[in-house]
Amino acid sequence: MAKVHWLVATTLLVALLLGGAQKAVSLCGIDSPKQLDLCREAITGKYPPKPKEKCCAVIRHANLTCLCGYKSLLPSVGISPTNALALPRKCGLKTPRQCKVA
């Protein structure tokens, strides 16, 4: 059963991150691939730029604790967990304890 949940969650996350989903998909308070794509440049690359206000608006409305549950999947879709987990702080939010990179 846990494998099924992991597979569904991975599929949804990949669809959101890569923009492959054509229909609305909600994951952790992020309602569409376009919303997540607003943060793509701030979470990829070795020296990502500061997130834009539209990205921070998405992060402010997301369930950060929920999103942290997917941090181990981020490298498989080309996203640096360190960059992604720094977004809340860069957007003026407190990073949930379980989101911190060890």
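Reply: A nonpolar core is a set of buried Ala, Val, Leu, Ile, Met, Phe, Trp, Tyr and Cys residues joined through side-chain atoms within 4.5 Å; buried means under 20% relative accessible area, exposed over 50%, and partly exposed in between (1.4 Å probe, protein chains only). This is a predicted model, in which local features need pLDDT of at least 70, side-chain atom pairs count only at pLDDT 80 or more, and totals for chains, interfaces and linings use all residues. Residues are numbered from 1 along each chain as its sequence is written, and side-chain values use heavy atoms, with hydrogens and water left out.

Me: Which residues touch the most other members of the largest nonpolar core?

Reply: In soluble globular proteins, nonpolar side chains tend to be buried together. Here the largest core has 17 residues, and Ile59, Ile79 and Leu87 touch the most other members.

Me: What does Ile59 touch, not counting residues up to four places away in sequence?

Reply: Contact means heavy atoms within 4.5 Å. With that exclusion, Ile59 touches Cys39, Leu64, Leu87, Pro88, Cys91 and Leu93.

Me: How many disulfides does the structure hold?

Reply: A disulfide is a covalent bond between the sulfur atoms of two cysteines; the criterion is a pair of cysteine sulfur atoms within 2.5 Å. The structure holds four. One of them joins Cys56 to Cys91, with 2.1 Å from S to S. Its torsion about the S-S bond is about -75 degrees, so this disulfide is left-handed.

Me: Are Cys56 and Cys91 buried or exposed?

Reply: Cys56 counts as buried because its relative accessibility is 4%. Cys91 is buried as well, with a relative accessible area of 7%.
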